[in-house]
Amino acid sequence: MSAQIINGKQISESIREELRLEVEQLKQNGITPGLVVILVGEDPASQVYVRNKAKACEQLGYYSEVVRVPAETSQDELLALIHKYNEQRNIHGILVQLPLPKHIEEKAIIDAISVEKDVDGFHPESVGNLMIGDDALLPCTPSGVIELLKRTGNHPAGKHVVVIGRSNIVGKPVSMLLLRENATVTICHSRTPNLPEMARQADMLVVAVGVAKLVKKEWVKPGAVVIDVGMNRLPDGKLCGDVDYDDVLDAAGWITPVPGGVGPMTITMLMANTLKSAKRARV
Ligand code: NAP
């Protein structure tokens, strides 16, 4: 039997509708969530991401600023910009679009963002809070994965989840969030032997690797939930995931398509973080 499709676009739209209603309420109390997105240089992919973030702000009635600075901007100049927005009261979220030009140290920039406004959830204090289970702004793609699972009735509690990938932006945080949701989590990576065998033990498989169509049907336990975080550009220009979707479709119980699965959730969770930060700033 063919897997049920996890429609990230639809789920993302319904979350945005919930956010829009909350924003209306907040605005009645005189608060408008504000997000600043800082783009250094002119990387074409980053330009698209930044435009989409500004569009989402507009759709939900947020205040937003997009600050574009040239690729030659120095680290000190960028830090000064961040300090300015750390102090600015109408801004509740600061996002510096990554990657940054080579002469700027990414860590120095992330560390400089006030943790209260760290809507990407990459600041070491946010990461630490996630780890110990304290309240935190959660990284957007991992929290999007959790929403997809919960909103399709696939609660991770008690399940064995295998995560393939251990990056700081996806693999590790999604594993921590799954643990927090009471899943039993196995984390695999490029040095894991017998990867297909490991994957096949999973009730839920989360794949964040960056290798097109790596996961085949032999890797999937019949009926498992398969979440594909991967976004890879094929030579013909088409986008595809880390899972061989057509191959796995009949083995999985649930599956996210690429595009239209995890992708749309990322910006939506960014919007949710900005709203959360605005609500906190109010009290
Ligand atoms: P990354 O930083 O390159 O990390 C990739 C991880 O996969 C590493 O832990 C690596 O292991 C592991 N890996 C690489 N090749 C492997 C293999 N053959 N077998 C097993 N593990 C392997 O990538 P990332 O930033 O986490 O992103 C992963 C994918 O998700 C990419 O396609 C990216 O475009 C996509 N992504 C999508 C969104 C979204 O919004 N949908 C957001 C972020 C990322 P080692 O640690 O051992 O090197």
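Helices here are DSSP runs of H or I with at least four residues, numbered from the N terminus. Keep in mind that this is a predicted model, where local features need pLDDT of at least 70, side-chain atom pairs count only at pLDDT 80 or more, and totals for chains, interfaces and linings use all residues. Residues are numbered from 1 along each chain as its sequence is written, and side-chain values use heavy atoms, leaving out hydrogens and water.

Let's look along H2 itself. The helix runs over residues 44-60, and its 17 residues should span 24 Å at 1.5 Å a residue (the expected span is 1.5 Å times one less than the number of residues). The C-alpha atoms at its ends are 25 Å apart, which agrees.

Which residues of H2 are buried? They are Ser-46, Val-50, Lys-53, Ala-56, Cys-57 and Leu-60. These cover an arc of only 120° around the axis, which puts them on the same side of H2; the arc is that of the directions from the helix axis to the C-beta atoms. Turned away from that buried side is a face with the exposed residues Pro-44, Lys-55 and Glu-58. Buried means under 20% relative accessible area, exposed over 50%, and partly exposed in between, using a 1.4 Å probe and protein chains only.

Now for the cysteines. A disulfide is a covalent bond between the sulfur atoms of two cysteines. Counted as a pair of cysteine sulfur atoms within 2.5 Å, the structure holds 0 disulfides.

| Cysteine | Relative accessible area | Closest cysteine sulfur |
|---|---|---|
| Cys-57 | 0%, buried | 12 Å, in Cys-140 |
| Cys-140 | 5%, buried | 12 Å, in Cys-57 |

Conventions. Helices (H or I, at least four residues) and strands (E, at least two) are DSSP runs, numbered from the N terminus.
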